[in-house]
Amino acid sequence: MISEPMFEAAGRLTDLICGTGPMNAVWSPRATVQRMLDVEAALARASAAHGVIPHAALAAIEAACHAEQIDGAALMSGSAAGGNLAIPLVKLLTANVRRADAEAAKYVHWGATSQDIIDTGLVLQLRETFALLEQDLKACCDALAMQARAHRATPMVGRTWLQQALPITLGLKFAQWLDALSRHRERLRSVRGRVLALQFGGAAGTLASLRDAAPAVARSLADELGLALPALPWHTQRDRIAEAAASFGMLTGTLGKIARDVSLQMQTEIGELAEPASAGKGGSSTMPHKRNPVGCAAVLTAAIRAPGLVATVFAGMVQEHERALGGWQAEWEALPDLARLTGGALAQIKELVAGIEVNTERLAANLDTTHGLILGEAVMLALGDAIGRLDAHHLIEQASKTAVMEGRSLLEVLSTHAAVTAHLSAGQLEHLLDPANYVGQAHAMVDAALASHQAFKS
């Protein structure tokens, strides 16, 4: 009977801080073993279908391919001696089959090598991972589209180098996030087509042990598992796995950017955005007034860890001949961790954007922090039509310094400046210094992002 500690739901106390229950379950020890056993069962069916093993052996093998029947402690200790999980797993599986049918036990794992079972099991887990990510990416993009539409014309200050720059709209910020995540949806669809491929090559990648039946068994095995049949086995060609890792890393980076923006706008002194409130979320152990951006923290944690994990997978691509010594093995922890972190970060952002709290009063107040100075460019360009850009730049620069020194708004200073009022009326100045009138193509950009999102859905 399988030992319970091997298959606990949560392997680490922090698994739900930076992960989710469904994604953790995909990469749990139980699921990892079960997917390998799924491959063994499918191999037996494919082999029996083409007369490689007797049909009489199939029932006993299939009946034994359940994780509950594997001794977890024996599997763990056996993997230390064998160098991978498949070697002890096949021994334990064979022993279980033998107890039911000694003759059938002769045909367990026929024609395969350990890496065939481990890699194909991994691909099955990646398929489940992609499905979860696609589901949450769609929900996240739908929520961002809703927010972009609602705040299409909500003015706010844009910031460059952490300093106030020019007016933008909150809808544009949401639309930028939506646009980036839409590319990740496209990327994920493309990656699936290349990554979800069977690994089946036997000892040295030639399937020599199956003789003339090899092509037919490989085709049937791929069909049994619902995977693409590649032209060649890819034991030491790890571009498929590296591409999956890269896509996870890039997605996590984009999610980290969103979390960074929200956490900065959630600072007490800024107060423009806030994570959705819920009981017990974001509190401090000592300061009852605090509301910490804990969701953002989880996403940023993932974004900080992800590049190192991607680098580990990439470093492992340099492999020796027909079977790797260390590079392949380095994927075993790095890729599952990366998948869990990506799924957790995406779930956090999905929840965040769906219920994000927007403080329009703070957005307006922060937009007016400089009392119009951030709109100096708008006045300069309008004035430049009459007196030339360089002279207009110098005039507005001096007026801005005066406004700061005297504690007045830029409108007040410019309204009493003869060189300005000679060309711009009071009404024109008020229009130019209204942030809502200097957001450029922000509205059109939001519309473009929403149109692309709608096209993707259809």
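1. Buried area is the accessible area that two parts lose on being put together, summed over both. In this predicted model, that quantity comes to about 470 Å² between domain 1 and domain 2, and carbon and sulfur atoms give 70% of it. On the domain 1 side, Gln164, Leu166 and Pro167 lose the most area to domain 2, together accounting for 71% of what that side buries.

2. The domain assignment places residues 122-196 and 236-366 in domain 1, and residues 370-437 in domain 2. The centres of the two domains, taken over C-alpha atoms, are separated by 40 Å.

3. Contact between the domains involves five residues of domain 1 and five residues of domain 2. Between domain 1 and domain 2 there are zero salt bridges, and zero residue pairs in polar contact are found across the interface with both residues at pLDDT 80 or more. Strand β2 (residues 163-169) gives the most to the side of domain 1 that touches domain 2, contributing four residues. That side of domain 1 consists of four nonpolar residues, one polar residue and no charged residue.

4. A separate point concerns Arg340, which lies in helix α11 (residues 327-355). Arg340 counts as buried because its relative accessibility is 14%, under the 20% cut-off. The side chains of Arg340 and Asp337 are joined by a polar contact of 2.5 Å.

5. Residues up to four places away in sequence aside, Arg340 touches Arg12, Cys18, Gly19, Met23, Asn24 and Trp27. The C-alpha atoms of Arg340 and Ile17 are 11 Å apart, although 323 residues separate the two along the chain.

Definitions and conventions
Residues are numbered from 1 along each chain as its sequence is written. Side-chain values use heavy atoms; hydrogens and water are left out. Domain bounds come from an automatic or database domain assignment. Contact means heavy atoms within 4.5 Å. Buried area is the accessible area (1.4 Å probe) that two parts lose on being put together, summed over both. A salt bridge is a side-chain nitrogen of Lys or Arg within 4 Å of a carboxyl oxygen of Asp or Glu. A polar contact is a pair of N or O atoms within 3.5 Å; within protein, one must be able to donate a hydrogen and the other to accept it, and residues adjacent in sequence count only if both atoms are side-chain atoms. Helices (H or I, at least four residues) and strands (E, at least two) are DSSP runs, numbered from the N terminus. Ala, Val, Leu, Ile, Met, Phe, Trp, Tyr, Cys and Pro count as nonpolar, Asp, Glu, Lys and Arg as charged, and the others, Gly among them, as polar. Buried means under 20% relative accessible area, exposed over 50%, partly exposed in between (1.4 Å probe, protein chains only).
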